[in-house]
Amino acid sequence: MKELTSLKNPVVQAARALDTAKERTRQGAFLCDGEHMAGEALSVCPERVRTLFVQQDCLERFAALVDKAPASAEVYTVPQNVMAAISQVKTPQGIAAVVALPESVPLDEQQGRLMLLENVQDPGNVGTILRTLDAAGFAGCILTPGCADPYAPKALRATMGSALRIPLSFVDSAVEAVEVLNQRGYATIAASLDGEPFYQREALSEQVCVLIGNEGQGLTPQAQAACTHRYKLPMRGGSESLNAGIAAAVMMYDLMNR
């Protein structure tokens with residue numbers, strides 16, 4: 001365990017920079033900030049933890065987490081002002097971990113029930129969907145380039161650690177991904193306002209992928225056309241649509257239950 005006290009230290013500066021997508025890509029890493037997220041990283045993927053920062057007056061509190069740090073990780077104690085600079089929240093909890101980005105999972109390796117996000121731009125929605133699919137028992141998620149980065153601070157906090165457990169595939173095109181899944185025998189479901197009633201759907205196999213589109217425009221016409229099914233949730237009140245994360249949650253849980 002080493003001590004870092006300067007904000008100008010390169011290790012500190014590198015960790016601080018991870019709040020930008022450019023730096024996360026350049027360094028091939030992201031920051032798990034706080035007790036829960038750092039603890040998840042140390043439990044789920046300890047081999048990917050590169051650096052662990054612990055505030056000096058929190059060492060006793062986080063002793064059990066420090067003990068989980070792999071031998072390959074650098075462990076640093078830092079004063080409060082350095083932790084505040086590294087942290088991506090207003091009230092730091094006194095611990096943070098730099099974690100290596102995982103490789104994108106090849107699409108042909110994804111199995112079971114899946115979710116595909118096309119141009120879902122709000123990081124809170126992306127994070128919420130990942131957390132929900134993890135809770136619902138879906139097996140993986142596919143994201144197009146127009147989606148918010150699931151390893152961005154806001155998205156990562158919304159996942160509550162699910163981004164560390166769920167296999168993620170980053171694809172160039174929703175249409176191409178759907179075509180691959182169709183060839184594998186998947187039922188691909190487009191969430192569409194002009195689709196068939198979701199609760200009156202035909203029986204589907206467990207090999208299913210739900211597509212959720214952009215918050216304002218929904219799925220592209222090309223992605224909808226490529227899917228084997230198009231369904232809509234009932235809107236019995238005055239609202240025309242649901243939030244992307246809520247719509248995804250409703251559909252996932254219903255698919256898991258019948």
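**Sheet, pockets and salt bridges in a predicted model**

Helix 3 (residues 35-44) buries Met37, Ala38, Gly39, Glu40, Ala41 and Leu42 (buried: under 20% relative accessible area; exposed: over 50%; partly exposed: in between; 1.4 Å probe, protein chains only). Helices (H or I, at least four residues) and strands (E, at least two) are DSSP runs, numbered from the N terminus. The model is predicted: local features need pLDDT of at least 70, side-chain atom pairs count only at pLDDT 80 or more, and totals for chains, interfaces and linings use all residues. Residues are numbered from 1 along each chain as its sequence is written, and side-chain values use heavy atoms, with hydrogens and water left out. The cover over the buried residues of helix 3 includes strand 2, strand 3 (49-55), helix 4 (63-68), strand 5, helix 7 (153-159) and helix 8 (162-165). Helix 8 contains Ser162. Ser162 is buried, at 2% relative accessible area. Beyond its neighbours within four places in sequence, Ser162 is in contact with Leu130, Arg131 and Asp134 (contact: heavy atoms within 4.5 Å).

Five strands form an open sheet with mixed pairing, in the order 1-4-3-5-2 (strands pair if DSSP finds at least two bridges between them). Strand 1 (2-3) and strand 2 (29-33) stand at the edges; each has a single partner strand, so one side of each lacks a neighbour in the sheet. Strand 2 pairs with strand 5 (residues 95-100) in the antiparallel sense, over five bridges. Leu31 stands opposite Val98 in strand 5.

Leu31 also lines the largest cavity, together with Asp33, Met37, Gln88, Val89, Pro153, Leu156 and Arg157. Grid points are joined across faces, edges and corners, and a volume is the space filled by probe spheres set on the points. The whole structure holds one cavity of 30 Å³ or more. The volume of the largest cavity is about 50 Å³. Helix 7 gives the most to its lining, with three residues.

The largest pocket holds about 430 Å³ of space. Its lining comprises 23 residues, with Ala191, Leu193, Gly218, Ser241 and Leu242 nearest the centre. Strand 9 (187-197), strand 11 (229-232) and helix 11 (244-257) each supply at least two lining residues. The second largest pocket has a volume of about 200 Å³. It is lined by 16 residues, and Leu101, Asp149, Pro150, Tyr151 and Phe170 are the closest to its centre. Helix 2 (residues 21-27) gives the most to this lining, with three residues.

Eight salt bridges occur in the structure (a side-chain nitrogen of Lys or Arg within 4 Å of a carboxyl oxygen of Asp or Glu). Within helix 2, Arg26 and Glu23 lie three residues apart, about one turn of the helix. Their side chains meet in a salt bridge (2.9 Å, N to O). Arg26 is exposed at 59% relative accessibility, whereas Glu23 is buried at 16%. A salt bridge also joins the side chains of Arg230 and Asp194 (2.8 Å, N to O). This pair links distant parts of the chain, with Arg230 in strand 11 and Asp194 in strand 9, 36 residues apart.

Notes
On a 1 Å grid over the protein atoms alone, a cavity is a set of points where a 1.4 Å probe fits but cannot get out, and a pocket is an open set with protein on both sides within 12 Å along at least five of seven lines; lining residues have an atom within 4 Å of a point.
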